[in-house]
Amino acid sequence: MAHQADLLPGTLDLLILKAVSLGAQHGYGVLLRIEQITGGALAIEQGALYPALYRLEHQGLLDTKWGTSDNNRKAKFYSLTAAGRRRLKAETERWNRSALAMNTALRAQEG
Amino acid sequence: MALVSRVRSWWRGIRHRSDIERGMSEELQFHLACRAQDLAERRGLRPEDAMRLARLEFGSLEKYKEETRASLGLALVDQLHGDIRYALRTFGRSKGFTAAALITLALGIGANTAIFSLVDAVMMRLLPVDKPQELVQLRLQEPGAEPGGGFTNALWEAIRNQQDVFSGVFAWSTPKPFDLGRGGIVQTVRGLMVSGSYFTTLGVEAAAGRLLTDDDDRRGCAPVAVLSYGFWRTHFAGTPGALGSSISLNRQTFVVIGVSAPRFFGVEVGKAFDVAIPLCASALFDKRNLDSRSRWWLSIMGRAKPGLTPEQIAGRLRVLSPSIMSAAAEPDRNSERQGRFLRTVLIASAAAQGPSELRRVFGEPLILLMTMVAFVLLIACANIAGLMLARARSRAKEIAIRTALGASRGRLIRQMLTESVLVSALGAGFGLLFARWGAALLLRELATARNPVFVDLSLDWSVLAFAAAVAILTGSLIGLVPAVRFTGMSLIAAMKSSQSAGTERRSRPRAGSWIVAGQVALSLVLLIGGGLLLRTFVTLLTLDMGFDRSNVLVVIAKAPWFAADIVKTPPEQRSVVYDEIASRVRALPGVLSVARAFTTPIGDDNWFTPISVDTRGAPAGEDASVSFNFVTPGYFTTLRTPLIAGRDFDARDTKQSTPVAIVNQTLARRFFSDANVVGKYFRKPDRSTPIEIVGIVKDSKYESVREPIPPTAFLPAPQAPPRGEAEEFLVRTSTPSSALIPAIQAIATQVSAEVPLEFHTLAEQIDDDLVQERLLATLAGFFGALALLLATIGLYGVLSYLVTHRQVEFGIRMALGATPGSIRRLVMRDVIVVVTAGVGAGLAAASVAVALLRSMLFGVEPRDAATIVAAVCLLSATALAAGYLPARRATRVDPMLALRSE
């Protein structure tokens, strides 16, 4: 936990989409899953998660349903819509392209 | 897709707000509970401590909730909601201001919407028929002449039979007065004569029964009629019993077969119809309607076949034209005219809005009125902006506190704009009601008893959109200046704001001064425009028309031209009947004299023929055209047109006697360049014998008030050519003449039950000719006065404010020995600067704007010095008076009081 990196702007949405794409989750679950899939390397503000979730829902990328959690409480579950899946794919490609470009650029400087 | 889901989610957010709030809270509570459970398990904490830690980690719940709301797009809604509530509370606190602003805006926006709804209905709206964009109107383009829209029945039949570019084509006559009565006083309804294809091509549905088809329109057809929806409701109370019943139109019996759709008024904007009959039935009124090849009484429209471009249609029509024209040519024309006729081509122009005489005549005046009323609204806006400015000043502290508490400038401007837009939206709401009433009133002013005007003023989207746009625009205009000025000022200055006399404070009210200068400029433009139109109207009213219009009753005894056959008595016998009626009317008490004429001054009929004279250098060809009238003895006495030389007609002038004429001064001057032409001769092309001039009368107007007086010749009624029968009575009475109508009616019925009679006064006949001028002068004068009033109020308000703010300064000055006179001068100097600047700008603007008016003026130049000087004087005097009151108050300041208030 000592070397947590700050989140790059705009990446939280992508991480949420990725986390939800692995299966419907409630808000806290999304947080845990992001921690899990990033190996805890990225610092995520707990509260910031909700504005992002609502925004994605607002944009029609996430679907919500009230259900019961593992610990038997009423919870709101998020799942990916078709539009969300498309967006995740597009954003992933974009991310890969720019990451590749960045890597190439930085390597060229070294050499 | 994304947009749709956003709007849906937004809407849900507004509709189910409490659900969303509850959901949000539950979700966050769930999050905290889970986190606390995890922490408790991981670090072995007690549940309360775990919960506390979870909360601590999470941070401010409210802050994230707010961000979440924002991401749903709800923050804006929330703020707007708050702003509106706050604005309403503010209105409640300053009722006077709110009422003044609301009334001003309601009137201003209402007047704009009223004029716009006319502009929309007359100039912009598409015809209420099926796919109006496909409709085109046909015109005839004679070589070297303006295109004309009139057709003969022969041309219509040729076009109908030969054209192949339209999926449907139809002909119609402009609505004409049909007489619903069976003799006696004429009961006019508006009758449309249409081809069988009219309703089917337009795609108009029947509201009851059936509409006309091609089968109803064959020569010798059965007399059937379709009613308009409005006429069916008013005349038959909308009962199904109307179908199959019969009505009398111009004394012919017609069977009602159906009623047209409710909103269908015909294809001519400004006119509506009551009944429609097939073209073939017009032969019952007058056979020449169908047979004459020189009766130009039809208009034609077609629906373009899908896929044809306008160029293709034009090309095909050009190809078809020669065979159509030759099929409809009049046999006995002279060769030159025949050649021109045969070379005439058919042209088509888009007619989605329908042709409109009203649009042609009132289009320009309506645009002018729209401009004027927009100016008035601008001036009114300036006043309210001034009020808002003053109010914003008194709210400076509030604004400063809000800024100190972290409100951004944009947020404050938004809040102030919400207030002003809310006022103007409320104003527009009331204005819309006022507009409905105002537009109907305007329309009533346009219409006269003899010339009904129908315009569909039902509310449509474009009018509502216009009102909304004006409301938002005015709201922003009146709110923006104060908002921007007062949110940008320094906090410290605002917080300690008292009525201090610092230099910074002194400069501020100047913004108001510039607004007032703008108002003065706009008012001056309106005053000059209004003054010119008023002078035009007064000139026309007081014009010497060459006759005396007061106490003259016009009684029209003839059937309209398209229904000449319905009067069975031949003309010679008719004149005997008329003479009998005239002599009995003459015996009525109160009647001074009676005469008959073919047409009465400023009437509906005219007769032009070229004449020839022996004088060298006399006009020839088109220039030799002379207006004719055929009158009985006593015509000039009845009209009080002075006889200048020679004699009036008398019993000696009969059909067999020497042809004689009385001419007006213009004819004498133009054809003989001689004042005394009695005893000279002229010739008419239809008669071989020369006509002797036996008298000269003073020039008088013939057909319209605005025309230059044409050369006019009067022939005795017995010597009139065929169809020039004198069938309009003029009755001069010693008292207002309408009272005599029943008596004359009774006499006519006794003499002959057949004579149809239509009554109006000569004064009415002239008033009808001046509808446009009267309307423009009234409205322009009204708008000008309103502008002056508003500008005066604005000036007074701004100066009062300025004086109040400079009280301390004045107090000090007076304490130091300034005289009341010098203080007054100080204030008045400001007034003079503002008014001079405004007048200067106004004059510059007016010199450009009056060009718009040129075509609407009569007897006065657009840059009429007298009008301009009068407008400037009126405006300056009023403005100075408005400024003097506050100036005088400035000198009443008690120095001690003023100083203590510091």
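Tutor: Buried means under 20% relative accessible area, exposed over 50%, and partly exposed in between, with a 1.4 Å probe and protein chains only. This is a predicted model, where local features need pLDDT of at least 70 and side-chain atom pairs count only at pLDDT 80 or more. Residues are numbered from 1 along each chain as its sequence is written.

Student: What percentage of the residues of chain A count as buried?

Tutor: Apply that cut-off to chain A. Chain A has 111 residues. The buried share is 39%.

Student: Which pattern does chain A follow along the sequence?

Tutor: Helices are DSSP runs of H or I with at least four residues, and strands are runs of E with at least two, numbered from the N terminus. Chain A has four helices and three strands. Read in sequence order, they give α-β-α-α-β-β-α.

Student: Now chain B. Are helix 2 and helix 4 of chain B oblique or parallel to each other?

Tutor: Axes are lines fitted to C-alpha atoms over the stretch in contact, and angles run from 0 to 180 degrees between N-to-C directions. Under 35 degrees is roughly parallel, over 145 roughly antiparallel, 65 to 115 roughly perpendicular, and the rest oblique. Helix 2 (residues 17-43) and helix 4 (residues 61-71) of chain B pack at about 135°, with axes 11 Å apart. The two helices of chain B are therefore oblique.

Student: Which residues of helix 4 of chain B make the contact with helix 2 of chain B?

Tutor: Contact means heavy atoms within 4.5 Å. Helix 2 of chain B brings residues including B:R17, B:M24 and B:L32. Helix 4 of chain B supplies B:L61, B:K65, B:T68 and B:R69.

Technical notes
Chains are lettered from A and ligands numbered from 1 in the order in which they are written. Side-chain values use heavy atoms; hydrogens and water are left out.
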